[in-house]
Amino acid sequence: MDKGFRIGGREVSGRELVMKQTLALILGGGRGTRLYPLTKYRSKPAVPIGGKYRLIDVPISNCINSCMERIYVLTQFNSASLHRHIRASYSFDAFHGGFVEILAAQQTLTHSDWYQGTADAVRHNLTYVRRKDVEHVLILSGDQLYRMDYRRLMALHKEKNADVTIAVIPVHRKAAPGLGIVHLKEDGEVAAFHEKPKTEEELDAVRTEPAWIEKLGVPAKGREYVANMGIYLFNRDVLADILERTDYRDFGKEVFPSVIASCRVQAYIFDGYWEDIGTIGAFFDANLALTRPDAEFSLETPNAPLYTRARFLPPSRIAAANIKHSLVADGCVIGEGCVIENSIIGLRSIVGPNCVIRNAIIMGNDFYDRDGATQDPPMMIGEACHIENAIIDKNCRIGQKVRVINASGVQESPETQFGMIRDGVIVVPKETVLPDGWSMT
């Protein structure tokens with residue numbers, strides 16, 4: 001349903017408000033070193049989540065659900081699988097005018113180097129921003145988990161006659177040093193921006209009165225700071241002018257501290273679930289949170305679905321298994337006697353009998369090879385395996401009686417041919433083979 005929004009006394013449909021005038025740019029990110037080894041063979045936005053989705057599906061779905069259907073994804077590193085996924089997942093009809101297209105880093109007459117930051121990535125693609133039918137540019141991150149109606153952001157932007165609007169989220173003081181903090185005026189206009197304030201003086205300088213936060217329609221709940229979410233709405237000419245007359249590379253560190261003095265920068269306060277999937281620990285926790293009955297980010301939201309590639313897979317077949325608080329994706333086979341708790345079992349996963357899987361993410365397989373398999377072990381989790389506090393990436397071959405458990409509570413370990421430990425989580429990379437009886441405990 002295309003609900004309306006009131007701007008200046010006039011009722012405007014969501015599609016009129018957004019679709020015809022706004023271009024979305026989703027930033028694919030850098031090398032993704034903090035998510036390594038999940039980014040060993042893929043870019044950050046292509047990392048699988050929730051058993052059947054990829055991170056890029058989140059901002060694209062938010063755009064589609066907000067009637068914003070002209071979308072470019074800016075990529076640079078390990079982008080082949082991301083390109084395949086977008087090509088197979090998002091296609092609009094010829095009469096619609098919407099698109100989701102890839103803009104890969106490339107050499108041109110004006111730019112011969114790779115993207116040097118978020119702002120520099122947009123600068124490389126100003127040709128697309130400068131289109132006559134574009135009035136606003138929405139800049140998004142490709143590695144965050146949240147659900148937002150961007151039409152509300154646009155409505156506030158127009159109501160306040162802003163040049164730039166930043167989406168922000170209230171946080172407590174203890175979280176502020178790890179985030180970009182926006183200091184607000186009483187009416188929600190941005191007064192200052194500080195990237196990761198560390199000292200007491202810096203923290204005090206960017207504190208926002210809780211009463212002002214509540215005046216803007218969000219309960220403060222003891223939160224005295226508002227953090228940058230990495231979601232920016234620019235008037236097109238303002239964005240182009242900034243990028244053409246400066247050599248700024250990053251929005252958070254360089255663009256916003258300087259633009260506040262010369263432009264009207266408005267804050268849009270968001271108070272829903274939002275998680276920046278920047279580390280293995282954050283990725284692991286955010287995924288397992290999806291398995292809870294009271295998950296803050298619900299996959300069962302009919303008016304704002306999470307889209308992904310349509311696959312023609314059979315229903316999952318589960319023998320006499322004990323499964324609690326877990327997600328099992330399409331096309332899986334779960335053997336008899338298995339115990340699966342607080343885990344995600346991804347597409348086409350084959351789990352042998354009598355396995356124990358707890359607090360784990362099994363990403364699944366890109367194809368089946370169970371019948372006529374030529375490799376030993378086959379692409380599955382073999383009989384009587386025990387996997388706990390671990391991520392098993394796609395297409396792994398795990399033999400029988402394998403133990404993948406961080407019993408010693410190691411936080412970090414060097415990479416081996418079998419994987420590594422990051423943030424206390426064992427990560428077995430894509431296409432790894434663990435032979436019968438192998439153990440990491």
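**Working through the model**

A: Let's start with helix 11, whose buried residues are Ile280, Gly281, Ala282, Phe283, Phe284, Ala286, Asn287, Leu288 and Ala289. Buried means under 20% relative accessible area, exposed means over 50%, and partly exposed lies in between (1.4 Å probe, protein chains only). Helices (H or I, at least four residues) and strands (E, at least two) are DSSP runs, numbered from the N terminus.

Q: How many of the residues of helix 11 are buried?
A: Nine of its 10 residues, so helix 11 (residues 280-289) is mostly covered.

Q: What should I know about the model itself?
A: This is a predicted model, where local features need pLDDT of at least 70, side-chain atom pairs count only at pLDDT 80 or more, and totals for chains, interfaces and linings use all residues. Residues are numbered from 1 along each chain as its sequence is written, and side-chain values use heavy atoms, with hydrogens and water left out.

Q: What counts as a pocket or a cavity?
A: Both are sets of points on a 1 Å grid over the protein atoms alone. In a cavity a 1.4 Å probe fits but cannot get out. A pocket is an open set with protein on both sides within 12 Å along at least five of seven lines. Lining residues have an atom within 4 Å of a point. Grid points are joined across faces, edges and corners, and a volume is the space filled by probe spheres set on the points.

Q: Which strand gives the most to the lining of the largest pocket?
A: Strand 13, with four residues. Elements that each supply at least two residues include helix 4 (118-123), strand 13 (225-235) and helix 10 (251-259).

Q: And by class, what is in that pocket's lining?
A: The largest pocket has 13 nonpolar, 18 polar and nine charged residues in its lining. Ala, Val, Leu, Ile, Met, Phe, Trp, Tyr, Cys and Pro count as nonpolar, Asp, Glu, Lys and Arg as charged, and the others, Gly among them, as polar.

Q: How many cavities of 30 Å³ or more are there?
A: Four. The largest cavity has a volume of about 80 Å³. It is lined by 13 residues, and Ile362, Asn365, Met380, Ile381 and Cys396 lie nearest its centre. Its lining has nine nonpolar, three polar and one charged residues.

Q: What about the second largest cavity?
A: About 50 Å³ of space lies there. Among its lining residues are Pro48, Tyr53, Arg311 and Lys394. That lining divides into four nonpolar, one polar and four charged.

Q: New topic. How many salt bridges does the structure hold?
A: It holds 24. A salt bridge is a side-chain nitrogen of Lys or Arg within 4 Å of a carboxyl oxygen of Asp or Glu.

Q: Which residue does aspartate 369 meet in a salt bridge?
A: Arginine 397, at 2.8 Å, N to O. Aspartate 369 is in the loop between strand 23 (356-362) and strand 24 (386-392), and arginine 397 is in strand 25 (residues 397-398), so the pair ties together parts that are 28 residues apart in sequence.

Q: Are those two buried or exposed?
A: Aspartate 369 and arginine 397 are buried.

Q: Where does glutamate 186 come in?
A: Its side chain meets that of lysine 215 in a salt bridge (3.0 Å, N to O). Glutamate 186 counts as partly exposed at 38% relative accessibility, while lysine 215 is exposed at 56%.

Q: Which helix holds histidine 85?
A: Helix 3 (residues 80-89). Histidine 85 is buried, with a relative accessible area of 4%.

Q: What does histidine 85 touch?
A: Arg54, Ile56, Asp57, Tyr90, Thr308 and Arg309, not counting residues up to four places away in sequence. Contact means heavy atoms within 4.5 Å.

Q: Last one: how many aromatic pairs?
A: There are 10. Rings of Phe, Tyr and Trp (its six-membered ring) pair if their centres lie within 6.5 Å; planes under 30 degrees apart count as stacked, over 60 as edge-to-face and the rest as tilted. Phenylalanine 418 and tryptophan 438 have ring centres 5.2 Å apart and planes at 50°, so the pair is tilted.
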